[in-house]
Amino acid sequence: MEKRTYRDRAEYMIKAVSKRRKKIKEMAINYKGGKCCICGYDKCNSALDFHHTNGDKQFGLSVRGLTRSWDRTKTELDKCILVCANCHREIHEGITQ
């Protein structure tokens with residue numbers, strides 16, 4: 001029997017990781033209330049971001065950050081607010097508080 005390599009399973013692994021990240025993001029959005037805390041937007045999960053409100057950021061909660069355990073993710077989420085992409089950009093521009 002030939003030894004399997006990552007390359008043999010690459011497509012499966014890529015899909016599995018993508019599915020897990022999507023699931024964790026959905027759980028994180030629900031954990032933070034399911035909508036932008038500024039304007040109430042809730043139509044598309046892809047348009048919702050997590051904005052850190054304090055300087056104690058251990059890791060980002062972008063797609064790459066959503067590979068950690070749910071417990072670690074939840075600890076990081078407790079430092080954030082859920083905002084839509086537009087409100088998030090306005091926060092960084094100093095337009096919205």
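Colleague: Start with cysteine 39: which is the closest cysteine sulfur, and how far away?
Modeller: The closest cysteine sulfur to that of cysteine 39 is in cysteine 84, at 3.7 Å, which is too far for a bond. The cut-off for a disulfide is a pair of cysteine sulfur atoms within 2.5 Å. Bear in mind that this is a predicted model, where local features need pLDDT of at least 70 and side-chain atom pairs count only at pLDDT 80 or more, while totals for chains, interfaces and linings use all residues. Numbering runs from 1 along each chain as its sequence is written, and side-chain values use heavy atoms, without hydrogens or water.

Colleague: And what about cysteine 36, which sulfur is closest there?
Modeller: For cysteine 36 the closest cysteine sulfur is in cysteine 39, 3.8 Å away, so again too far for a bond. Searching the whole structure gives zero disulfides.

Colleague: Moving to the largest nonpolar core, which residues touch the most other members?
Modeller: Cys36, Leu48, Phe50 and Leu61 do, in a core of 16 residues. A nonpolar core here is a set of buried Ala, Val, Leu, Ile, Met, Phe, Trp, Tyr and Cys residues joined through side-chain atoms within 4.5 Å.

Colleague: Which elements give two or more residues to this core?
Modeller: Helix H1 (6–31), strand S1 (48–52), strand S2 (80–84) and helix H3 (85–93). S2 has the largest share, with four residues. Helices (H or I, at least four residues) and strands (E, at least two) are DSSP runs, numbered from the N terminus.

Colleague: What does phenylalanine 50 touch?
Modeller: Leaving out residues up to four places away in sequence, phenylalanine 50 touches Lys25, Ala28, Ile29, Lys32, Leu61, Leu77, Cys80, Ile81, Leu82 and His88. Contact is heavy atoms within 4.5 Å.

Colleague: Now H2. Which residues are buried there?
Modeller: Thr73, Glu76 and Leu77 are buried in H2. They sit on the same side of H2, because they cover an arc of only 100° around the axis. The arc is taken from the directions from the helix axis to the C-beta atoms.

Colleague: What covers them?
Modeller: The cover over the buried residues of H2 includes H1, S1 and S2.

Colleague: Where does leucine 66 lie?
Modeller: In the loop between S1 and H2, and leucine 66 is buried at 2%. Beyond four places in sequence, leucine 66 has contacts with Arg21, Ile24, Lys25, Leu61 and Thr73.

Colleague: Change of topic. How many salt bridges?
Modeller: The count is four, where a salt bridge is a side-chain nitrogen of Lys or Arg within 4 Å of a carboxyl oxygen of Asp or Glu. One of them joins glutamate 11 and lysine 15, at 3.3 Å from N to O. Those two are four residues apart in helix H1, so about one helical turn separates them. Glutamate 11 is exposed at 56%, and lysine 15 is exposed at 55%.

Colleague: Which residues are linked in a network?
Modeller: Asp56, Glu76 and Lys79. Lysine 79 meets aspartate 56 at 3.7 Å and glutamate 76 at 3.1 Å, both N to O.

Colleague: What does the pair of lysine 79 and aspartate 56 tie together?
Modeller: Parts that are 23 residues apart in sequence, because lysine 79 lies in the loop between H2 and S2 and aspartate 56 in the loop between S1 and H2.

Terms used: Buried < 20%, exposed > 50% of the residue type's maximum accessible area, 1.4 Å probe, protein only.
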